[in-house]
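Please examine the sequence and the model shown here before reading on.

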Amino acid sequence: MEYVIITHNLTKFYGNLIAVNSVNLSVRKGSLFGLLGPNGSGKTTIIKMLTGQILPSSGKGDVLGIDVVSDPIKVRTLVGIIPEQETPPSFLTVMEYLDFVAEIRKIPEIEKKAAWWFNYLDFEDKKHVLCKDLSRGTRQKLMLTQAFIHEPELALIDEPLINFDPIMQAKVKEFFVSYVQKNNTLFLSTHLLETAEEICSDIAILHKGDLLYSGSMSKILEENRHLSEFFLSLVRR
Ligand SMILES: Nc1ncnc2c1ncn2[C@@H]1O[C@H](COP(=O)(O)OP(=O)(O)O)[C@@H](O)[C@H]1O
Ligand SMILES: [Mg+2]
């Protein structure tokens, strides 16, 4: 089995608060992995550590074979990332922002690639609008575009569907499923259990910084009618 993310006793303290407590995770290549947990359980903190935005207090994280503590910049160049509540720079237009991303990531033919995304997510008409004047949903479309436009083999996305209407949610879910079918890996954090049940092949459940479960979705659904039953039985214990 090939793993694209492996953590070993990954831990983060904020002062005295233990936000992530000695978490051991392995994420299979080609999986659609859902990191689940109530608000404040440590999902965002884990994604930040795995993408080199913050350092762990102790423990290790390996992403695509790279140590996130010693080489966070290398990790960021390889993976696609959408941080929680991140918005594109307000002073650039949509296309200026994508040109900027292309320059940093050295992406050829950005116009052509951007055109595919404008069409797919239906925001061609916003191409020359300043990011500060976009609706939240359109900003989220642009953040998805910047995360995937270099076709990373791994993307880490914090709460991906939160600003989308149901039609766009369906479209993005469909994209995620087709993305991992090409042997790419997606690591999503979400507190939306129905979404996870629908699309995730593997999940991990966090509660107050502790990892309560990690395994395949099919195994859970063999023994429970819905993921929510299993989830509630774990976090209420
Ligand atoms: N920068 C920070 N400083 C202090 N506490 C933080 C900080 N970021 C997160 N926390 C705390 O760490 C815990 C985990 O937060 P977070 O990782 O954002 O959880 P989740 O994404 O699952 O909602 C929460 O108790 C939160 O209040
Ligand atoms: Mg969060």
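How many bridges join strand β4 to strand β9, and do the two strands run parallel or antiparallel? Strand β4 (residues 32-36) is joined to strand β9 (residues 185-190) by 5 bridges, and the two run parallel. Within this pairing, L35 stands opposite S189 in β9. Strands are DSSP runs of E with at least two residues, helices are runs of H or I with at least four residues, and both are numbered from the N terminus. Two strands count as paired if DSSP finds at least two bridges between them.

The model is predicted: local features need pLDDT of at least 70 and side-chain atom pairs count only at pLDDT 80 or more, while totals for chains, interfaces and linings use all residues. Residues are numbered from 1 along each chain as its sequence is written, and chains are lettered from A and ligands numbered from 1 in the order in which they are written.

**The sheet and its helices**

An open sheet is formed by 6 strands in the order β7-β8-β9-β4-β10-β11, with mixed pairing. Strands β7 (80-82) and β11 (210-216) stand at the edges with a single partner strand each, so one side of each has no neighbour in the sheet. On average, neighbouring strands of this sheet are turned by 10° against each other, direction ignored. Two helices lie across strands of the sheet, as the table shows.

| Helix | Lies across | Angle |
|---|---|---|
| α1 (43-50) | β4, β8 (154-158), β9 and β10 (202-207) | about 145° to β8 |
| α6 (166-181) | β4 and β9 | about 145° to β9 |

The angles run from 0 to 180 degrees between N-to-C directions, and the axes are lines fitted to C-alpha atoms, for helices over the stretch in contact. Two residues are in contact if their C-beta atoms, placed from the backbone, lie within 7 Å.

The residues around ligand 1 include Y14, L17, N39, K43 and T44; a residue is near the ligand if its C-beta atom, placed from the backbone, lies within 6 Å of it. Both β2 (17-23) and α1 supply at least two residues of this shell, and α1 gives the most, with 3 residues.

**Domains and overall form**

The domain assignment, which comes from an automatic or database source, gives domain 1 (1-79 + 154-237) and domain 2 (85-151). Their C-alpha centres lie 25 Å apart. In domain 1, 7 residues are in contact with 6 residues of domain 2. On the side of domain 1 that touches domain 2, β8 and α6 are the elements that give two or more residues.

In total, the protein has 9 helices and 11 strands. Its C-alpha trace spans about 50 × 40 × 35 Å along the principal axes.
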